[in-house]
Amino acid sequence: MKRIYSCLVENRSGVLAKVAGLFWRRCFNIDSLTVGETEDKTVSNMVIVSSGDERTLEQIEKQLNKKLDIIKVKTFDESEGITQELVLVKIRYNRDNRKDIMENCQIMGARIVDLSKSMMTIKMCDTPERVQMFLDTLKSIRIVELARTGTLAITKIKEQGDEK
Amino acid sequence: MTGADALAKCLQNEHVEYVFGYPGVAIAPFFNSILDTDIKTVLVRQEQNAAHSANGYARATGKVGVAAVTSGPGATNIITGIATAFADSIPIVVITGQVKSSLVGSDVFQEADICGACESFVKYSYILRDARDIPRIMKEAFYIANSGRRGPVLIDIPIDVQQEEIKDFKYPEEAKLRTYKPTVQGNTVQIKKVFARLKEAKRPIICVGGGVHLARAVEAVRTFADNNRIPVVCTMMGIGVMKSNDPMFFGMVGNNGNSYGNRAMNEADMIIMVGARVADRSISQPDLITENKTLVHIDVDPAEIGKNAGPEIPLVGDIASVFEVFNQQKCDSEYTEWVDRLKAYKKETEDKKLQKLLERVRKSSTVTPEEFIIELCQNMKDDAIYVADVGQNQMWSCGNYIMRNGRFFTSGGMGTMGYSIPAALGAKLADPRKQVVAVIGDGAFQMCFMELATMRQYGVPVKIAVIKNGWLGLVRQYQHFTYKDRFSVTDLSGSPELDKIAEAYGMKYIKLSNNSEMAEKLDDFLEKDESILMEVTVDPSEIA
């Protein structure tokens, strides 16, 4: 089972280490972790995707809530959130596969953001599943470098009154 | 005013009586400033013991214990003491000196990343980078340490921050933390559920842990058990919540607990866990505990509930306030049959145990440890503090300690050898009128007997009984059963003569070699309020 923990944390040095340390010490998985400032400079948003059985996932939420640097934890499943991931992939191409790659980019909504005679860098921003699907299409091609942000997530807007 | 002056002033504002510590250059400004206050300092002989003494002090008073040590090795030495306090949720504040801010991270002399090293066993830690933050951080540290689930807070202060000049010292009246609001009141719906379930239950039992002491809820829990005639068992940390002569009390559970206590837990159809973490030492298979019974788990720490066993009724809240609500009502159910059954188990086991013990006492040419603990407890003052160390002595202590109106301290969670003497020292300083007795094995004694000097220096009369068998008894016992007497690294040959140790530290010394002289020797041991070392000869083959 996968679960997303969107945590508002104090924007201080050491907080990332404390949260990562918690996962390490208690043998919780981190599938992905992203951190960034929020509209309030003193607060950062940390989105952690983890997987495990129900009890582990519940413990993760409780242990996160216990951390004194964490202001608020929102826990939700993938279906309850809007999830996005950005990937940058640098590949080596040739005359034979160039067209295929471009077609795949077009189908999947990826963009070529850098290009040379033999290499190109493709950018894609989509749900983690679609990002993975696109990367799978590149399996037969030589990937020179790849960078992914990990999952960013925010809960879906519900009926009015639910959002504060 | 310097940062160090501010630190000392904060401690004064928190009504700190004692700082246990060990100086070094990086903490020197603090120890200089403390001279201008009425706070007393105690120089321990090894940093770890500063935390243990603060721990003993905190447990005896309910206040926060304070320790201060220098950077690098001073800080790393205190780690075990911090971890010990964390495992038992004891409120202490530890101040460590640190190298100059500009040098932090450059591996200079006596630099250690103590906050990084301690992260997983502090409740919270601070690195002070600006002296102006001192009042706020100190206020927060004391509040965090002694609220919610209590625990150690570490404050690391670079020497230049201690030397920095600040203006306008103002100690905040309260700690304002947007991220920390411990739950105090129990949820009313959950409380109702507990009562509803109690009405249906046939065989309920209450299992109390250290959290009951920490929440100062001993009386409330006793009242609840008494009002509703529900039997009670305890974990190691819960020893002392119930008086030993209470007919509704069925002893300690777990690996080293009573057979009838464990049987009661197994046969119960409803367990009310109070301030206990359902850990492996008290509950052998936590995941199976809920199979045929209702588990109610009451704890101030929500993360503790469901960590080791999923309860049917979780109840988060401060135990004292939860039981105050509990005690406003009564459950009309009768559990007479159940209680009678448990009493019969208890009587049967106790009778057999006593018979066996008497026979062993008669046959033994050395001291029978269980008999010694029983006699010691019977002769101690009614409100004495008993500090058990770790090892066989701890098992004998837990199994035979007699609770009247005293206190029982031990390192239950971490099982830190060498805890008892420094903790007893802290407890005696906290309450000099009380009799304080440390019971320790000859292995652990050699880990902490340097503190006899501290006892002498500050005139702290603690009574120490060293159970001496020349071995690391509990491991020896394990090797006896598991490896069929292939003893490895457990022989303590070469240990010092304890009479000479006592003499060297100016203490009175008594040797108790056999059961027949026990009464007389115990009288000598307990008679006066003086430091005294008693060597208790026990056969290495004794099993705990």
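Colleague: How many Å apart do the C-alpha centres of domain 2 of chain B and domain 3 of chain B lie?

Modeller: They lie 31 Å apart. The contact between these two domains takes ten residues from domain 2 of chain B and eleven residues from domain 3 of chain B, where two residues are in contact if their C-beta atoms, placed from the backbone, lie within 7 Å. Before we go on, please keep in mind that this is a predicted model: local features need pLDDT of at least 70, side-chain atom pairs count only at pLDDT 80 or more, and totals for chains, interfaces and linings use all residues. Residues are numbered from 1 along each chain as its sequence is written, while chains are lettered from A and ligands numbered from 1 in the order in which they are written.

Colleague: Where are the domains of chain B?

Modeller: Domain bounds come from an automatic or database domain assignment. For chain B they are 3-163 for domain 1, 188-341 for domain 2 and 364-537 for domain 3.

Colleague: And which domains does chain A have?

Modeller: Its assignment gives domain 1 (2-76) and domain 2 (82-153). The C-alpha centres of these two domains of chain A lie 29 Å apart. Seven residues of domain 1 of chain A are in contact with five residues of domain 2 of chain A. On the domain 1 side, the elements giving two or more residues are β1 (2-10), β2 (32-37) and β3 (43-51) of chain A, and β2(A) gives the most, with three residues. Helices (H or I, at least four residues) and strands (E, at least two) are DSSP runs, numbered from the N terminus.

Colleague: How many helices and strands does chain A have?

Modeller: Chain A has four helices and nine strands. From the N terminus on, its elements run β-α-β-β-α-β-β-α-β-β-α-β-β. Along its principal axes, the C-alpha trace of chain A spans about 55 × 40 × 35 Å.

Colleague: How many residues of chain B are in contact with chain A?

Modeller: Twelve residues of chain B are in contact with 15 residues of chain A. The chain B side divides into five nonpolar, four polar and three charged residues. In this count Ala, Val, Leu, Ile, Met, Phe, Trp, Tyr, Cys and Pro are nonpolar, Asp, Glu, Lys and Arg are charged, and the others, Gly among them, are polar.

Colleague: Now for the sheet in chain B. In what order do its six strands come?

Modeller: Strands of a sheet pair through backbone hydrogen bonds, either parallel or antiparallel. Here the six strands form an open sheet in the order β9-β8-β7-β10-β11-β12 of chain B, with parallel pairing. Two strands pair if DSSP finds at least two bridges between them. The edge strands, β9 (249-252) and β12 (313-316) of chain B, each pair on one side only. From one strand to the next, the twist averages 15°. Four bridges join β11 (residues 294-299) of chain B to β12(B), and the partner of Val296(B) in β12(B) is Ile313(B). Helix α12 (residues 259-267) of chain B packs on the sheet, touching β7 (204-208), β8 (232-234), β9 and β10 (270-274) of chain B.

Colleague: At what angle do helices α11 and α13 of chain B pack?

Modeller: Axes are lines fitted to C-alpha atoms, for helices over the stretch in contact, and angles run from 0 to 180 degrees between N-to-C directions. Helix α11 (residues 218-228) of chain B and helix α13 (residues 319-326) of chain B pack at about 30°, with their axes 9 Å apart, which means that α11(B) is roughly parallel to α13(B). Angles under 35 degrees count as roughly parallel, over 145 as roughly antiparallel, 65 to 115 as roughly perpendicular and the rest as oblique. Ala220(B), Val221(B) and Phe224(B) in α11(B) meet Ala320(B), Phe323(B), Glu324(B) and Phe326(B) in α13(B). That contact divides into six nonpolar, no polar and one charged residue.

Colleague: At what angle do α3(B) and helix α17 of chain B pack?

Modeller: α3(B) and helix α17 (residues 420-430) of chain B pack at about 45°, with their axes 6 Å apart, so α3(B) is oblique to α17(B). The residues of their contact divide into ten nonpolar, seven polar and one charged. Helix α3 (residues 47-61) of chain B also packs with helix α5 (residues 79-87) of chain B, at an angle of about 25° and with their axes 6 Å apart. That makes α3(B) roughly parallel to α5(B). By class, this contact has four nonpolar, six polar and no charged residues.
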